[in-house]
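User: I would like to go through this structure with you, one region at a time. Could you put it up first?

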Amino acid sequence: MIPDRSSFPADFLFGAATSSYQIEGHAHGGAGRTHWDDFAATPGNVVNAEHGALACGHYHRWPQDLDLLAGANFDVYRFSCSWARVMPEGRGAVNGEGLDFYERLVDGMLERGLKPAATLYHWELPSPLADLGGWRNRDIANWFADYTEILMRRIGDRVWSAAPINEPWCVAWLSHFLGHHAPGLRDIRATARAMHHVGLAHGRSIQAMRGLGMKNLGAVCNFEYAQPADDSAEAAAAARLYDGYYNRWFLSAMFRKEYPADVLEGLGPHMPEGWQDDMDTIASPVDWAGLNYYTRKLIGPTGGAWPAHGEVTGPLPKTEMGWEIYPEGLAYFLRRTAQDYTGDLPLYVTENGMAAPDQIADGVVQDDDRIAFLARHLEAVQSVIAEGVPVKGYFTWSLLDNYEWALGYDKRFGLIHVDFESLQRTPKASYHALGRALAR
Ligand code: FCB
């Protein structure tokens, strides 16, 4: 059973999350091309070469989607804005239609009593900026600050919160070292630069929003519990290093003005010159930290080039993504983030959820596994609140089935089923269960 609202502190907020490219339909409304369009058009990158041109058609169906959010008694909606929709070339000209769209969306939330929680970058970099080196180019910090200012001059007075960049690890490591996401690089020098510039861009964006007088600004990072694959000292060291570049790098920069020494052993030689001078900017004060959490990984040594480790399949029950279900990891990261980095700052679980092979039968999607998943993770949140960790809200990923990046439309994370032919929305059993738990 999903624990209900009354079993949480009175000011605890519940939300659902989405992102622009995954739901809007990028071909509509004058948006510019992005590196995800390019990545998807390259054979072998995305299942069925699927892309976000139509996605969930949210660009036109947003009123219905906001009604659905309000209908499940959510307090807050975590959405993202597309840089290329606001500035099709990434710099210079502004697409008025794009700004109008986000303004309507924010006003639509307010009309329905939903708090708008904005993210400025959830992965669709305008292609012309990718041509200039994208996250490898230090100038991206200033381009991003300019975009921040243009967007927030329009909606910054009405959003409840704002965070610059969703999941810096994915922007940098997953996309430049593992090559799984756009721009699909596998290059350590590009990675080191992206690992630094993404933090710098975060800091410059925070400063731009402070300059506009905005409040309630945060950072959203993702976390994976790194478990040694066996009892050996080598496996312990491998897991520790994985934890370093995945879970500690960005928090350490943003909240302690330093990078973890163990990770610098590998990345240090490839870092951009003078990176030490940027740490104050990266650590521009924020008002809260957001944690995205899905799973744990078992890590063991592999030999070969740094970081010389890899994943081993674990024994726990898995979601449709093949990800082990491990709610203890969520409790662990909430506790550790407060203890080691953020102290009394409010923490939010900004993403948590699961993909399941959901099917409609007689108009019903009976996603009991998702209900159990949400219940267990919400209980983990309650357990750390009881210890005094200042967790102030929980957002589930995702409101809608959507474009799951390199896995295309096949992986369904939504509380609401989307038929990608007709775009029809069908709330799943989890939507109804959450709606009942959140009734005021
Ligand atoms: C997160 C992303 C989100 C979605 C979920 C499943 O890493 O922020 O866009 O893909 O994973």
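This is a predicted model: local features need pLDDT of at least 70, side-chain atom pairs count only at pLDDT 80 or more; totals for chains, interfaces and linings use all residues.

User: Let us start with H3. What does helix H3 span between its end C-alpha atoms?

Analyst: Helix H3, residues 58-71, spans only 17 Å between its end C-alpha atoms, whereas a straight helix of 14 residues would span 20 Å at 1.5 Å a residue.

User: Where does H3 bend?

Analyst: The bend is at Gln64 and amounts to about 40°.

User: And which residues of H3 are buried?

Analyst: They are His58, Tyr59, Trp62, Asp65, Leu66, Leu68 and Leu69. Just past the end of H3, Asn73 adopts a positive phi of about 65°.

User: Moving on to the strands: which sense does the pairing of E2 and E3 take?

Analyst: Strand E2 (residues 76-80) pairs with E3 in the parallel sense, over five bridges. Within E3, Lys115 is the bridge partner of Val76.

User: What about E3 and E4, how many bridges there?

Analyst: Four bridges, again in the parallel sense. Tyr121 has Ile165 of E4 as its bridge partner. E3 is also largely enclosed by the rest of the structure, because six of its seven residues are buried.

User: Why is helix H8 described as largely enclosed?

Analyst: Nine of the nine residues of H8 (residues 168-176) are buried, so the helix is largely enclosed by the rest of the structure. Among them are Trp169, Cys170, Trp173 and His176.

User: What covers the buried residues of H8?

Analyst: The cover includes strand E3 (115-121), strand E4 (161-165), H9, E5, H10 and helix H11 (261-267).

User: Now Asn216. Where is it placed?

Analyst: Asn216 lies in the loop between helix H9 (188-211) and strand E5 (218-228). Leaving out residues up to four places away in sequence, Asn216 touches Trp160, Ser161, Ala162, Asp287 and Trp288. Its side chain also reaches the backbone oxygen of Trp160, at 3.1 Å.

User: Next, Ser284: buried or exposed?

Analyst: Ser284 counts as buried because its relative accessibility is 7%, and buried means under 20%. The residue is found in the loop between helix H12 (279-282) and E6. Apart from neighbours within four places in sequence, Ser284 is in contact with Gly203, Ile206 and Gln207.

User: Finally, the nonpolar cores. Which residues have the most contacts inside the largest one?

Analyst: The largest core has 135 residues, and those with the most contacts inside it are Phe74, Trp83, Trp135, Leu151 and Leu334. Helix H10 (residues 233-256) supplies the largest share of this core, eleven residues. A second, separate core has eight residues, including Leu13, Val220, Trp288 and Phe395.

User: What does Trp83 touch?

Analyst: Not counting residues up to four places away in sequence, Trp83 touches Gly90, Tyr121, Glu124, Leu125, Pro126, Leu129, Ile140, Trp143, Phe144 and Tyr147.

User: And how far apart are Asn216 and Leu334?

Analyst: They are 118 residues apart in sequence and 19 Å apart in space, C-alpha to C-alpha.

Notes:
Residues are numbered from 1 along each chain as its sequence is written. Side-chain values use heavy atoms; hydrogens and water are left out. Helices (H or I, at least four residues) and strands (E, at least two) are DSSP runs, numbered from the N terminus. Contact means heavy atoms within 4.5 Å. A polar contact is a pair of N or O atoms within 3.5 Å; within protein, one must be able to donate a hydrogen and the other to accept it, and residues adjacent in sequence count only if both atoms are side-chain atoms. The expected span of a helix is 1.5 Å times one less than its number of residues. The bend at a residue is the angle between axes fitted to the seven residues ending there and the seven starting there. Buried means under 20% relative accessible area, exposed over 50%, partly exposed in between (1.4 Å probe, protein chains only). A nonpolar core is a set of buried Ala, Val, Leu, Ile, Met, Phe, Trp, Tyr and Cys residues joined through side-chain atoms within 4.5 Å. Two strands pair if DSSP finds at least two bridges between them.
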